[in-house]
Amino acid sequence: MPLGVAISESEVRRYMGFRGPVDPSTETDAMIAKAIKNLEKDCNPKYVSKAFSVTVDGFSVKFADVTVESRALARNLAGCTECVLFAATAGPSCDMLVKRAAVTSSAYASCCQAAGAAAIEAYCDLINDKIKDEYEAKGLYARPRFSPGYGDLSLSHQKDWFRLLDVTKITGIELTDSLLMVPTKSVTAIIGLSPNKLPCVKQGCEACTMSQTCAFSRKE
Amino acid sequence: MGLRERLGKEWLFCDGGTGTILQEMGLKGGELPETWNLTRPDDIKSVASAYFNAGCNIVNTNTFGANSFKYDNVAEVVSAAVRICREARHEAGRDDDAYVAIDIGPTGKLLAPMGDLPFNEAVKVFSEAIKAGVEAGGDLVLIETMSDSYEAKAAVIAAHETCDLPVIVTTVYDESGKLLTGGSIEGTVAMLEGLKVDAIGVNCGFGPDKMIPIVERLTKCCSLPIVVNPNAGLPRTEGNKTVFDVGPEEFSTIMKEIAAIGVHVMGGCCGTTPAHMKALIREVSPLPFRAPIKKHGTYVTSFSECVEIGPKPVIIGERINPTGKKRFKQALRENDTDYILTEGLKQEEAGAHILDINVGLPEIDEPAMMENIVYKLQSVTTLPLQLDSTDTEALERGMRIYNGKPMINSVNGKRETIEAVMPLVAKYGGVLVGLPLDEDGIPETSDGRIRVAKKIYEAADEYGIPRDDIVIDGLAMTISSDSSSAITTLDTVRRIRDEFGGHSILGVSNISFGLPARELINSHFLTMAMQNGLSCAIINPNNDHMMASYRAFCALMDKDPQCLGFIGAYAEYKSDGTFGGASSGAAGGNAASSTGGAKLSLAEAIERGVTGRAAEAMQEGIAEGHEPLELINAELIPALDKVGKGFEKGTIFLPQLLMSADAAKAAFEVVKKAMEGKPRQVKGKVILATVKGDIHDIGKNIVKVMLENYGYDVIDLGKDVPPETIVEAAIKDNVKVVGLSALMTTTVVSMEETIKLLRVKKPDTKVVVGGAVMTQEYADQIGADAYSKDAMQTVRYCDEVFGVQS
């Protein structure tokens, strides 16, 4: 099944650790192109989403039967009345592609790994846009998506996503005891919905507390 | 009457949804439904009673998620469920014609290698629930909602090893007819038929209308009774509630349509109620019933591929086999699985359809190696495998953990071999190669071989293995010692097809043993054999001549639609006999061997990361009389170092570092080949592992490549490795340095545990740690000796510990 969205080569480069002006190596470009092609050929993206009402009180966020203590999420969701939780995966073939590549070429494996990361992010953007458009029609405006494990939103909340959305059955994503997701190219996130239209300037790397130390941070 | 006597002979009806009804009764989201067996037994009984009263013949116990990952008291939960269901049946007066199904759903965990649940652990978990269900009086085992064929296999094996009750398996496909893990309908059916389940079907996923195309495909390939249990449409959220839109009347109308396609057991899944079942039974039971029809197909499958034997010859790659290959033997002895996997991937790229796996060597533990290679190969290739061994234990270990229906090589006409191998094929399923030789040796005539082949077919009948799953070897033996042997072999192949309607196989290259220019004889013999009806050719697909024969044959015999396969392979063909890109077989990412103009030196090739040229330059250097070690020290290491320093300074990025590493690795491979059998010089032994709970191992793999290039012997323990395993390995080989990786803060905990255990059991071993969340501070906090931010730092650290000048 197609991803439904193109994987950007520049994003792949960023996930590979290229920074600043890049030496235009034809070998690397060819490898990236091959990784993207193979990934698109076999990927089997799936997602599940569900809407809940949400309340924000100080640093606690409440939706369904869950209370989340997170300063960053509370800030993100300030003024929101609704939220959508989702879980998405690019499917198991990405992991196999990386494993397979690792046998013969670690350089190609790193391309596949980066292409997989770019693929799931692009797929999440697609879902994000869909949710944004759907709710804008109802007069609710989406905030940038936020994921467990990001900033001070504890990874342990992964369990709530899996429980509330029946993630494993619908998407095939498994949550391991150590709270990691398999297939590895998977994302869980929450999108806040507010009746007030706010400019969302800060998102992604720029809003993250790790942006100064992270090797993959997007920098101008 | 027992269920087995009725399945496939009359309409039978399963029950409908349980979870959705329990939610109506107040089950909260996230509350485990099976706890109600103990806390609210009357409510559970009321659901079962309603289904028995609606006329269902097969009613599930409330045990879908009852496994030891979720419950400490699985046996208690399951026995209570079976007891409740039996009481409900009795009260409904249905003891004589309805059955209590021990309901088994997925564990919620993904099996290794994709996930973290080992196959045999999954079997154990399923066995616990099934055993309790059997002891409490269940009548059958219904394995349902499986979206991974591997997990379904584990559950079936658990059922068969626990009891003799009938086993029904239903899986969930998406709209394209695929399991979540990628398996097809045809492949799943082949695997489950091989495992000898009693009925196969589909459930859940979506409503009955969308199931029609899937059921149509099922009826085309499945010989067993077919079960169809759809949802009441697609689930939809209304407020905080899940609702289903297809009501009983609409449901039963579509089910009537499905009944006419030719299915045998019908019921429902999520959102369906006793009212749905009542309507279904009312509509379908008066319809004429058609018994399942035996299909004749021979399928070999992997988790995602399904290769049919028969329509056109199948290529089986022969290169994973130590016979006559020093380098391969060395890889087996040194447990160098990457080398073996590379052999597999090369053959896949060259066009093989199935890979033969033979890892027999007197001095190694063949059963363990077979299991290991099968496990690892199926995590990197989608091709089905042919398990090739004379060691029955090796065959069984491989068959058990194989994700699909394998080929088995082989059995022969000797009673002893038949009794050792056929029970395994009967249990696990597989397409079995039969060699027509017996206690009297190899028959010299095709008459003799056909006689033994007949004996093998009859033995298969005896063990309940379908004749479709037998492939007879024509026994190719060299014409250099008996010039009529090819004729005998070709006769045998033809007669297998004509007299038995059977399939044949040949180890093609045996025909030319002892002759020069073997590929010439082999490739012509292959064409002749295919013309005589050969079904499977065991060959070296990396050989251009062999693949040319195969592709030309397929094009000529209308087995290559529009000659697309042929054109695709030979678009670059030159009439001077060079095959262009036909089967270059380079599995790596960058095989370019020249960058135009002058040839690169070894050092340049490594610096620029040109894999093919690096290997070639090393080859040339050795051919010119240089010592491999001299080339390594004078060219390879300095080039690697230059790149490594650039990386450390930030002028070179990770991908470029890795390309150089790959090029160096390729050059080393040439050295290994040149020094076959001779001991290598190593700086020291290092253990690498991604810690327990963590499955992100790409960083660790990069460190491994770099350390190996710098002359270290790396013991790679893989990912999700428990502390005990790491400590044991460190003690066993007295390893000085252990490198640990972890991605998340949640798994750094296991890193800390590992370090603590090492300090107690092997205090002189140094620990270096790395990973996305690691920092020097964090490393100090958990008691590591060093923190490495990347692969180069790890190399530097090891050099420091082992006292190497750099």
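Angles under 35 degrees count as roughly parallel. I kept that cut-off at hand while going through this predicted model.

**Entry 1: α19 and α20, chain B**

I looked up the packing of helix α19 (residues 518-531) of chain B on helix α20 (residues 544-556) of chain B. The angle is about 25°, and the axes are 8 Å apart. α19(B) and α20(B) are therefore roughly parallel to each other. I also checked the hand: α19(B) passes α20(B) in a right-handed crossing.

Next I listed the residues that meet. α19(B) brings B:Glu519, B:Asn522, B:Ser523, B:Leu526, B:Thr527 and B:Met530. From α20(B) come B:His545, B:Met546, B:Ala548, B:Ser549, B:Tyr550 and B:Phe553. I sorted this contact of α19(B) with α20(B) by class and got six nonpolar, five polar and one charged residues.

**Entry 2: the barrel, chain B**

I traced the strands of chain B. Eight of them close into a barrel, in the order β13-β14-β15-β16-β17-β18-β19-β20, and the pairing is parallel. From one strand to the next, the twist averages 30°.

I then picked one pair. Strand β15 (residues 385-388) of chain B runs parallel to strand β16 (residues 407-412) of chain B, and three bridges join them. For B:Asp388, I found the bridge partner B:Asn409 in β16(B).

Two helices on the strands went into the notes as well. Helix α16 (residues 415-428) of chain B lies across β16 and β17 (431-435) of chain B. α16(B) runs at about 155° to β16(B). Helix α18 (residues 485-500) of chain B packs on the sheet and touches β18 (470-473) and β19 (503-507) of chain B. The direction of α18(B) makes about 155° with that of β19(B).

**Entry 3: chain A**

I counted elements in chain A and noted seven helices and eight strands. Chain A has 220 residues, and 50% of them count as buried. I also looked at its contacts between residues at least 6 apart in sequence. Of these, 75% join residues at least 24 apart.

**Entry 4: α4 of chain A against α13 of chain B**

Last, I looked at a helix pair across the two chains. Helix α4 (residues 93-104) of chain A and helix α13 (residues 337-350) of chain B pack at about 110°, axes 8 Å apart. α4(A) and α13(B) are therefore roughly perpendicular to each other.

I wrote down who meets whom. A:Arg100, A:Val103 and A:Thr104 are on the α4(A) side. B:Asp338, B:Leu341, B:Thr342 and B:Leu345 are on the α13(B) side. By class, I have three nonpolar, two polar and two charged residues in the contact of α4(A) with α13(B).

Notes: Residues are numbered from 1 along each chain as its sequence is written. Chains are lettered from A and ligands numbered from 1 in the order in which they are written. This is a predicted model: local features need pLDDT of at least 70, side-chain atom pairs count only at pLDDT 80 or more; totals for chains, interfaces and linings use all residues. Axes are lines fitted to C-alpha atoms, for helices over the stretch in contact, and angles run from 0 to 180 degrees between N-to-C directions. Helices (H or I, at least four residues) and strands (E, at least two) are DSSP runs, numbered from the N terminus. Angles under 35 degrees count as roughly parallel, over 145 as roughly antiparallel, 65 to 115 as roughly perpendicular and the rest as oblique. A crossing is left-handed if the near helix is turned anticlockwise from the far one by less than a right angle, and right-handed if clockwise. Two residues are in contact if their C-beta atoms, placed from the backbone, lie within 7 Å. Ala, Val, Leu, Ile, Met, Phe, Trp, Tyr, Cys and Pro count as nonpolar, Asp, Glu, Lys and Arg as charged, and the others, Gly among them, as polar. Two strands pair if DSSP finds at least two bridges between them. A residue is buried if 20 or more other C-beta atoms lie within 10 Å of its own, exposed if 12 or fewer, and partly exposed in between; C-beta atoms are placed from the backbone.
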